[in-house]
Amino acid sequence: MGGAASALVALVLVPVGSGVARASASPVPPACYNPVASWPLADRVEQLLMVSGRFSDLSASADAASAGVGALVLFGQPPAGSGPSIASGLRALQAQAGSTGHVALWMSTDEEGGTVARLADVIGALPSARQMAAQWSPAQTQAALAAHAGAMRSLGVNMDLAPVLDVSPPGNPVADEADRSFSAAPGTVTSYGRAFWSGLEQGGVVPVAKHFPGLGHASADTDQGPSTDPPLSQLQADDLIPFADSIGHGVPVVMVGHPSVPGLTGSAPASLSPAAYHYLRATLHFGGVAITDSLDAKAIPAAGWSEPGAAAQAIESGADMAMVGSASWPASVQALLSAVGSGSLPVSTVDSDVTLILRAKGVPPCPVVGLASTPAPGSNGYRLAGSGGGVASFGVATPDEGSIHGTHLQQPVVGMAATPTGR
């Protein structure tokens with residue numbers, strides 16, 4: 001090899017698969033990422049999925065973590081005293097992601113309070129949303145959630161699929177909305193919902209406002225079958241008010257539910273409707289990450305979709321992340337790759353979604369500090385962008401020339417040049 005190439009190869013130590021830069025082989029999620037467009041397409045697609053897992057068998061999620069999924073959603077009711085095993089299990093999953101060069105996962109669960117609280121026996125119980133609004137002030141709610149988030153974070157759970165911003169009348173029998181909702185009054189839901197998610201952020205946990213555009217007046221439980229919301233004009237005067245407020249105050253993630261909305265989505269579930277995401281972005285000016293409610297809900301097949309097909313449809317429609325079951329995860333990856341291949345899901349959409357997710361995770365792009373390319377178009381050789389701690393290949397090199405595609409350097413690249421022969 002020529003001198004320039006030899007000097008580079010002498011520093012190459014750490015192969016990775018996703019274009020993420022890191023300083024050593026230690027299985028720690030990287031601190032920055034190389035341009036998303038340089039990642040293998042499969043790695044980009046994996047970031048768009050939140051995959052189910054169970055607290056009782058965290059090791060079963062190792063394959064998903066290794067593949068680089070964007071998030072896990074953990075179910076079950078772990079018993080008292082299981083905190084240390086949960087913490088070690090979640091650390092192992094993050095290390096699994098780091099060992100394969102992937103960014104840290106969102107480790108999420110449902111900690112709403114009341115009957116929907118996965119970790120109540122491990123870190124203590126919270127009252128239901130309705131009880132919070134009856135017993136506490138917004139300031140007390142925020143303080144309680146900040147402390148609760150700290151306990152979640154100590155286990156390795158860094159995302160809470162809460163608060164519920166639905167506006168529900170008392171006695172509502174649908175999906176326990178009477179307890180899961182703070183109030184029948186939009187103003188009360190607004191103030192307590194904001195206090196809830198602000199407390200989570202204060203404690204270091206990412207909040208998720210749900211279930212846009214609102215389930216408090218839905219006709220049925222979407223987990224059990226199809227459901228219809230009141231018309232959009234009615235939602236605008238009631239159910240959408242808390243979402244508009246939280247979005248205006250910077251809530252980072254919104255979960256989109258499965259009810260259909262007359263005047264907005266027609267008969268389609270909101271989670272699969274381009275009109276719902278357009279309203280969220282263009283009318284409410286939401287700039288954060290939009291994820292779907294679980295696509296294993298019975299409202300999805302009732303609308304004519306398989307779970308993998310719904311995952312692709314949701315991303316095509318405007319979701320940034322789709323929530324799927326572990327059994328449907330491989331097929332969902334293939335459905336997304338097929339959508340890209342057919343052109344129904346543009347690669348540019350995938351890249352912008354992944355970039356948005358990485359920004360929300362607090363993972364910055366690696367700084368580019370050097371650039372080199374071969375002098376002749378189409379020639380074999382290197383075309384490299386130097387990043388903090390590594391390089392990413394955007395060109396090709398034949399095996400006998402010693403391609404360093406997908407490898408990273410231990411030292412920052414501060415300069416790079418091609419030889420006259422392209423080496």
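Helix 4 covers residues 83-99, 17 residues in total. At 1.5 Å a residue these should span 24 Å, and the end C-alpha atoms are 24 Å apart, so the two values agree. The expected span is 1.5 Å times one less than the number of residues. Helices (H or I, at least four residues) and strands (E, at least two) are DSSP runs, numbered from the N terminus.

The model is predicted: local features need pLDDT of at least 70, side-chain atom pairs count only at pLDDT 80 or more, and totals for chains, interfaces and linings use all residues. Residues are numbered from 1 along each chain as its sequence is written, and side-chain values use heavy atoms, with hydrogens and water left out.

Helix 4 has buried residues G83, I86, A87, G89, L90, L93, Q94, A97 and G98. Buried means under 20% relative accessible area (1.4 Å probe, protein chains only). Their cover includes helix 3 (62-67), strand 5 (71-75), strand 6 (106-109), helix 5 (120-123) and helix 7 (138-155). Just after helix 4, G101 has a positive phi of about 80°.

The chain holds 16 helices and 17 strands. Of its 423 residues, 56% are buried. Among contacts (heavy atoms within 4.5 Å) with a separation of 6 or more, 68% join residues 24 or more positions apart.

Next, the pockets. A pocket is an open set of points on a 1 Å grid over the protein atoms alone, where a 1.4 Å probe fits, with protein on both sides within 12 Å along at least five of seven lines; lining residues have an atom within 4 Å of a point. A volume is the space filled by probe spheres set on the points, which are joined across faces, edges and corners.

| Pocket | Volume |
|---|---|
| Largest pocket | about 540 Å³ |
| Second largest pocket | about 260 Å³ |

The largest pocket is lined by 26 residues, with F75, D110, R118, D223 and D293 closest to its centre. Strand 4 (49-54), strand 5, strand 10 (206-212), strand 12 (289-294) and strand 13 (321-324) each supply at least two lining residues. The second largest pocket has 15 lining residues; A104, L105, R153, N158 and K361 lie nearest its centre.

Finally, a loop residue. S273 sits between strand 11 (253-256) and helix 12 (274-283). Is S273 buried or exposed? S273 counts as buried because its relative accessible area is 4%. Leaving aside neighbours within four places in sequence, S273 contacts T265 and S317.

Definitions and conventions: Buried < 20%, exposed > 50% of the residue type's maximum accessible area, 1.4 Å probe, protein only.
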